[in-house]
Amino acid sequence: MLTWKQGQRRVLGILIAVAFGSLLLAEWGSTHKADAAFYLMPTRIWELLVGAFAAFHLARVDRPQAGPRIEAIASVAGLILVMIGIFEFDNATPFPGFDALIPTLGAVLIILFASPANRVGRLLGSALPVQIGLISYSAYLWHQPMFAFARHLAFDEPGQTEMLGLFALALVLAYLSWKFVETPFRSSKCFGRRQIFVLGGVGSLLFISLGVAGHWTGGFESRLSAEQHALMDYRSYPFEKIARSHRCFLQPEESHRAFEAECDGGNATDALLIWGDSHAAALSIGLRKRHPALIQYNASGCPPLVGVSFRWRPNCQDVNDFVLAEVARLKPTRIFLHANWG
């Protein structure tokens, strides 16, 4: 907005530079600062800007027209790219780095080239996809708390049947909230601008007040039983101290050089070794109490697998190679391998 008077060409150049920088930052952040990269704007703005570039293109009066054959091919390619994102990505896929280009560019190809004149446009413009699109944001808002509470209530991960049931329920609730909340609020006949701002302000103040009150009361602890209060003591569990974080339990950005001398068990001839990720680090305090000559080499998110690299933890192979060399040097009497193997 500040540069708009400079002309579209200059604005477009600035936005291209911002998008390119954001993409590079996202790729770095997806393996080094995954939470920040996923949730914060600087690493996600390139995705929004791809849509802005599509808008620049569509706004051109003199834009070149693709023929029906090219539009058909491009729209199919876009749909395939989106499907790859849906069915091939999992929780081990670094995101939103270069992998995020696949579904993002797929969406743009659909926006630019799908039309009633080709199959993809007719498919996505038919009644069912359009209705799903209308309720999609409501479904997005409903599914997250439903799935989260289901995981909290279940001892194990909810089964496929339960998740499909919750998925269906989320769609039903999404339809109801779209019809009776979203649609009326969008109609000026039901709510004027003044009413919407007043209701939005009151609602925001209510939720802010609840949040502040919850913070001051420790999450409304008065609602808890004595047994639940005892369980809440785990909040003060000094895991970083117990795990010897940054000394014998490394964080993702740390290489094996961060291990300190105390981690090798004092070069004892009867030493044990605990090797693995944070789950192994959690066991180290108990093993150390039972057997003081404990070698502890742990790294966050790094299963003890030799010769395997992990894109989301680029230092893992370095750490595991180091620990394997230490096994040869220190010759522990027993080795415990412990990790989140999932």
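In this predicted model, Gln131, Leu134, Ile135, Ser138, Ala139, Trp142, His143, Met146, Phe147, Ala150 and Arg151 of helix 7 are in contact (heavy atoms within 4.5 Å) with Met163, Leu166, Phe167, Leu169, Ala170, Leu171, Leu173, Ala174, Tyr175, Ser177, Trp178 and Glu182 of helix 8. The residues of this contact comprise 17 nonpolar, four polar and two charged; Ala, Val, Leu, Ile, Met, Phe, Trp, Tyr, Cys and Pro count as nonpolar, Asp, Glu, Lys and Arg as charged, and the others, Gly among them, as polar. Because the model is predicted, local features need pLDDT of at least 70 and side-chain atom pairs count only at pLDDT 80 or more, while totals for chains, interfaces and linings use all residues. Residues are numbered from 1 along each chain as its sequence is written, and side-chain values use heavy atoms, with hydrogens and water left out.

**Helix 1 and its surroundings**

- Helix 1 (residues 8–32) has 25 residues and reaches 35 Å from first to last C-alpha, close to the 36 Å expected at 1.5 Å a residue; the expected span is 1.5 Å times one less than the number of residues.
- Its buried residues are Val11, Ala19, Ser22, Leu23, Ala26, Glu27, Gly29, Ser30 and Thr31, where buried means under 20% relative accessible area, exposed over 50% and partly exposed in between (1.4 Å probe, protein chains only).
- Helix 2 (34–39), helix 3 (45–59) and helix 5 (101–113) are among the elements that cover these buried residues.
- Helix 1 and helix 3 pack at about 150°, with axes 8 Å apart, and are therefore roughly antiparallel to each other.
- The crossing of helix 1 and helix 3 is left-handed, and the residues of their contact divide into 13 nonpolar, two polar and no charged.

**Backbone geometry in loops**

- Most residues other than glycine have a negative phi, and most peptide bonds are trans.
- The peptide bond from Phe95 to Pro96 is cis, with omega near 10°, and Pro96 lies in the loop between helix 4 (68–88) and helix 5.
- His246, not a glycine, has a positive phi of about 70°; His246 sits in the loop between helix 11 (239–243) and strand 1 (249–250) and is partly exposed at 36% relative accessibility.
- Lys331, also not a glycine, has a positive phi of about 50°; Lys331 occupies the loop between helix 13 (316–330) and strand 4 (334–338) and is exposed, at 59%.

**Individual residues**

- Ser278 belongs to helix 12 (residues 278–290), is partly exposed at 26% relative accessibility, and touches Phe239, Phe249 and Ala299, not counting residues up to four places away in sequence.
- Ile111, in helix 5, counts as exposed at 54% relative accessibility.

Conventions: Helix = DSSP H or I, 4+ residues; strand = E, 2+ residues; numbered from the N terminus. Axes fitted to C-alpha atoms, helices over the stretch in contact; angles between N-to-C directions. Parallel < 35°, antiparallel > 145°, perpendicular 65-115°, else oblique. Left-handed = near helix turned anticlockwise from the far one by under 90°.
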